Amino acid sequence: MKIEHIAIWVIDLEIMRSFYETYFNAVSGEKYVNPIKKFSSYFLSFKEGARLELMHKQSINTSSNPEVISIGYVHMAISVGTIEKVNSLTEQLRFNGYTIAGEPRTTGDGYYESIILDPEGNQIEITI
């Protein structure tokens, strides 16, 4: 078995699609729109076959408190292949104004990673 895709609710589909295409080489499928449900989405595909669905609905609840820890989705990890690529992508994102939530480091369980926030505050671990 494998995870087929992960989906996240987003406020701005186009900004989020562009972010994942630009920094993580995602390839977007066609935009799906259901005018009756006021729902739209994109499926983004990554090199190794993983997919991310970005979903938007007009009635989405946009209030959140980053200080509150809740159950559910925490982060996704995207492997870029090498320590050097982790470091360079982290610096590129920093230069372009994105939040670096965790500097590149080797974690206690042996991962080399940094943690960044996408345009809507979702955590992404950039790892080897």
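Modeller: A pocket here is an open set of points on a 1 Å grid over the protein atoms alone, where a 1.4 Å probe fits and protein lies on both sides within 12 Å along at least five of seven lines; lining residues have an atom within 4 Å of a point. This is a predicted model, in which local features need pLDDT of at least 70 and side-chain atom pairs count only at pLDDT 80 or more, while totals for chains, interfaces and linings use all residues. Residues are numbered from 1 along each chain as its sequence is written, and side-chain values use heavy atoms, with hydrogens and water left out.

Colleague: What is the volume of the second largest pocket?

Modeller: The volume is about 670 Å³. A volume is the space filled by probe spheres set on the grid points, which are joined across faces, edges and corners.

Colleague: Which residues lie nearest the centre of the second largest pocket?

Modeller: Phe24, Phe46, Lys47, Ile78 and Ser79 do, within a lining of 23 residues. The elements giving two or more residues to that lining are helix H1 (13-24), strand E5 (51-57), strand E6 (75-79) and helix H2 (83-95). Helices (H or I, at least four residues) and strands (E, at least two) are DSSP runs, numbered from the N terminus.

Colleague: What makes Arg51 and Glu4 a salt bridge?

Modeller: The term requires a side-chain nitrogen of Lys or Arg within 4 Å of a carboxyl oxygen of Asp or Glu. The N to O distance for Arg51 and Glu4 is 3.1 Å, so the pair meets the definition. Arg51 lies in strand E5 and Glu4 in the segment before strand E1 (6-9), so the pair ties together parts that are 47 residues apart in sequence.

Colleague: Why is Arg51 called partly exposed?

Modeller: Its relative accessible area is 27%. Buried means under 20%, exposed over 50%, and partly exposed in between (1.4 Å probe, protein chains only); Arg51 is therefore partly exposed. Glu4, at 40%, is partly exposed as well.

Colleague: What of Glu103 and Arg94?

Modeller: Their side chains meet in a salt bridge at 2.7 Å, N to O. Elsewhere, salt bridges that share partners join Glu14, Arg17, Glu21 and Lys31 into one network. By this rule, the count comes to six salt bridges.
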